[in-house]
Each structure stands twice: as structure tokens, then as C-alpha cells.
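Work through the exercises below with the model open beside the text, and try each task before reading its solution.

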Amino acid sequence: MLKAWWRLRRALSEATPLLQAGDYWLEEGAARRLVTDSDNWRLHPRRFRITGPPSSGPGYDTVIRRSGCLILLGEGRDHVLRLYRDQGEVDRLMTNSRWLRPAFPCPAAETVPVELPGWFGVREDFVSGRILRDAASNRWVPIYRKFLGCCAVNATRCEGRLETKGWFNELDSWSSPPQVHQLLSFWHDELVEILDGAPLLRSHGDAHNGNLIVTEEGDLVVIDVERVEAQPFFFDALSILRGSEEVNQHLRRRYLSGLFDNELMAVWQAAGERFWPELRIPYLLAVAVCHAFRPQFADGPAHRRQEKLVKAVQKVQADCESGRPSC
Ligand SMILES: Nc1ncnc2c1ncn2[C@@H]1O[C@H](COP(=O)(O)OP(=O)(O)O)[C@@H](O)[C@H]1O
Ligand SMILES: [Mg+2]
């Protein structure tokens with residue numbers, strides 16, 4: 001925790017020329033300017049004082065620190081500024097944004113010069129609303145349906161086929177918990193069938209419940225386009241069903257009972273494939289396998305991949321056992 005604060009303090013001092021003057025309160029990974037001020041806290045280690053107005057522009061009052069990136073929220077909440085150390089990162093983000101926007105409602109983004117030596121910036125429209133997991137539960141199903149509609153548009157742009165190479169040999173060699181092993185063995189042939197040669201699609205790659213925003217009007221906006229990568233065409237569509245929050249379980253159970261079959265058929269059809277309702281469970285397992293073997297984990301230790309997979313499979317299993325479809 002101390003280390004995280006230290007890094008955040010360093011980020012604040014670097015970004016100082018762009019920040020509104022005032023006292024900032026440091027939380028995990030983010031610092032916000034305090035609206036009311038009290039000198040009692042002046043020496044608190046979670047406080048950071050910035051004096052003098054920003055050197056130019058309207059100024060920012062919130063700094064979110066991520067590895068390799070700072071996200072600054074504009075004081076008027078009309079835009080955010082993403083700062084990177086590397087022009088290559090900015091180019092990648094812009095390429096991702098241009099790719100996704102014809103299919104997904106992502107905020108407009110443009111590169112902008114910033115007055116911080118050694119930093120490169122992207123200005124993005126501010127999205128106001130609630131992240132999906134914090135939105136009212138009666139919004140979850142309609143928003144997921146909208147998201148699936150976007151996935152069907154994206155799926156018309158598949159390119160290439162997945163080669164699973166050594167994935168299944170590695171999977172077979174793991175000694176997973178018995179129930180996980182049992183489920184994976186039961187669906188082994190279907191998993192190979194689903195994954196090997198699946199049409200590949202440049203996907204959002206991180207479509208979890210914190211990156212889908214529900215606006216006040218009930219519209220969907222998709223943020224965080226940093227992780228666009230080639231995945232089987234159904235990866236984004238089923239990603240939201242992997243998480244462990246209430247919203248994920250709510251949607252996963254409804255998916256398993258067939259509520260989204262029509263939307264999913266459209267996704268499969270757009271990719272030139274056919275959706276089989278009886279394969280709903282192995283489709284979920286397939287996403288878990290792809291997640292475990294995604295590029296960021298591919299070169300790492302096998303136990304990390306196994307950990308990811310086991311957790312995801314256990315969630316599917318728990319929902320299967322709760323009286324709904326049998327696994
Ligand atoms: N365009 C945006 N509009 C409003 N808030 C944003 C926007 N982009 C990012 N944020 C805020 O910053 C947080 C982190 O951004 P995100 O791109 O999702 O990075 P990460 O997933 O790495 O935390 C979001 O949860 C949201 O609160
Ligand atoms: Mg995010």
C-alpha cells in the first residue's frame with residue numbers, strides 16, 4: 001500500500017503543471033482534489049498539496065494511475081487525458097479506437113500535445129454514467145443485449161483462424177481440482193472443435209463490467225480500448241459472463257438458460273458460424289481457455305494460466321450446480 005501511495009505521489013508531482021491547485025487525497029491508484037479543505041490533515045501522508053494554477057488550459061482535478069499510463073479527469077468533466085511515456089502506446093491506442101468505433105460506441109479520441117516533457121497524450125470524450133456492475137440491476141440485461149448487438153457488427157470483420165497449437169497438451173498435463181478436471185474432460189472434444197480453427201477477430205479484449213458504462217439515458221458506452229487483440233470471434237460477447245460479481249452471475253445464469261440465444265446466433269452468423277445452444281457451457285469454457293492463454297499470460301508460468309482457468313471454470317460449475325442446466 002505504501003508503495004502504491006509513493007508511486008501516486010510521484011505521478012502527482014510529475015503531472016503538477018496540468019493540475020488544479022489544491023489539496024489532493026490519495027486513494028488506492030487514484031488521487032482526487034478535495035473540495036473542502038481542512039488544515040488538520042495537512043501533514044497526512046495521503047494528502048498532496050499543489051500550489052499555483054495549472055500552466056495552461058482548464059486543469060485536471062483527478063489523477064488515476066495505471067501501470068504505464070496516467071488518466072487525468074478534466075475539471076469540467078468534459079474530457080479525460082490519457083498520458084503515456086511512449087508515442088508507440090499513443091499510436092496503438094488510436095489504432096484500437098479507430099478499429100472499435102464502427103462496431104462499439106467508444107468515446108471519441110484524438111492525440112494532443114501535452115506540456116509535460118517526456119509524456120504523450122490522448123484526449124478522450126468524458127463518459128458520464130455508471131459502470132455496469134454499479135448500474136441498477138434492471139439495466140443489466142438490456143445493456144448486455146446492446147453489447148451483443150455491437151459484437152455482431154464487429155464479428156463481420158473476422159480475419160484468420162485460431163491455431164491452438166500446444167494448448168490442449170498443456171491443459172491435459174495440469175492436475176486441476178477434480179471437479180474442474182472432470183468438467184474440462186467431459187467437454188474436451190467440443191472445446192477442441194470450438195476453438196481450433198475458430199475465426200479470429202480483433203476484439204476489445206477487456207469487456208468486463210467496469211469497462212461497460214451505462215449512461216443516464218440507458219445507453220451503452222464502451223471504454224478502455226488498450227487491450228484490443230485477436231481472439232476467437234465470440235470472446236468479447238461472452239467475456240462479461242466470466243466475472244465473479246453479481247452482475248456477471250446474473251447474466252451468466254440467464255445465458256445458460258438460453259435468454260440471449262437470439263443475439264448470440266446473430267454473432268455466430270456474422271462470423272460465418274453456427275451457434276449451438278447445447279454448447280453454451282463449452283462456449284463459456286472456451287472463453288476461459290482463451291483468457292488463460294491470452295498473449296499477456298502466454299509466455300508466463302503455466303501455474304498462472306492454470307489459476308485463471310480453474311477460477312473461471314469453477315464459476316461456470318457453481319452456476320450449473322445451482323439447479324439450472326446440468327453440466
Ligand atoms: N472516457 C472516460 N470517461 C470517463 N471516465 C473514464 C474514461 N476513461 C477512463 N475513465 C475512468 O478511469 C477509470 C480507469 O480507466 P480504464 O481505461 O478503464 O483503465 P483501467 O481498466 O486500466 O483501470 C475508469 O474506471 C473510469 O472511472
Ligand atoms: Mg478499465
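Rings of Phe, Tyr and Trp, the last taken as its six-membered ring, pair if their centres lie within 6.5 Å. The model used here is predicted.

**Exercise 1.** Name the residues that form one aromatic cluster with Phe 233, and classify the pair of Phe 233 and Trp 268.

*Solution.* The cluster is formed by Phe 233, Phe 234, Trp 268, Phe 275 and Tyr 283. Within the pair of Phe 233 and Trp 268, the centres are 5.1 Å apart and the planes stand at 80°; since planes over 60 degrees apart count as edge-to-face, the pair is edge-to-face. Phe 233 lies in the loop between strand 13 (229–232) and helix 7 (235–239), whereas Trp 268 belongs to helix 9 (residues 261–270), so the pair ties together parts that are 35 residues apart in sequence. Both Phe 233 and Trp 268 are buried.

**Exercise 2.** Decide whether the pair of Trp 167 and Phe 293 is stacked or edge-to-face, and locate both residues.

*Solution.* The search of the whole structure finds twelve aromatic pairs. For Trp 167 and Phe 293, the ring centres are 4.8 Å apart and the planes meet at 15°, so the pair is stacked. Trp 167 is in helix 4 (residues 167–173) and Phe 293 in the loop between helix 10 (280–292) and helix 11 (295–298), 126 residues apart. Both Trp 167 and Phe 293 are buried.

**Exercise 3.** Describe how helix 3 and helix 9 pack.

*Solution.* Helix 3 (residues 140–154) and helix 9 pack at an angle of about 10°, with their axes 8 Å apart. Because angles under 35 degrees count as roughly parallel, helix 3 is roughly parallel to helix 9. The crossing of helix 3 and helix 9 is left-handed.

Conventions: Residues are numbered from 1 along each chain as its sequence is written. Chains are lettered from A and ligands numbered from 1 in the order in which they are written. This is a predicted model: local features need pLDDT of at least 70, side-chain atom pairs count only at pLDDT 80 or more; totals for chains, interfaces and linings use all residues. Side-chain values use heavy atoms; hydrogens and water are left out. Rings of Phe, Tyr and Trp (its six-membered ring) pair if their centres lie within 6.5 Å; planes under 30 degrees apart count as stacked, over 60 as edge-to-face and the rest as tilted. Helices (H or I, at least four residues) and strands (E, at least two) are DSSP runs, numbered from the N terminus. Buried means under 20% relative accessible area, exposed over 50%, partly exposed in between (1.4 Å probe, protein chains only). Axes are lines fitted to C-alpha atoms, for helices over the stretch in contact, and angles run from 0 to 180 degrees between N-to-C directions. Angles under 35 degrees count as roughly parallel, over 145 as roughly antiparallel, 65 to 115 as roughly perpendicular and the rest as oblique. A crossing is left-handed if the near helix is turned anticlockwise from the far one by less than a right angle, and right-handed if clockwise.
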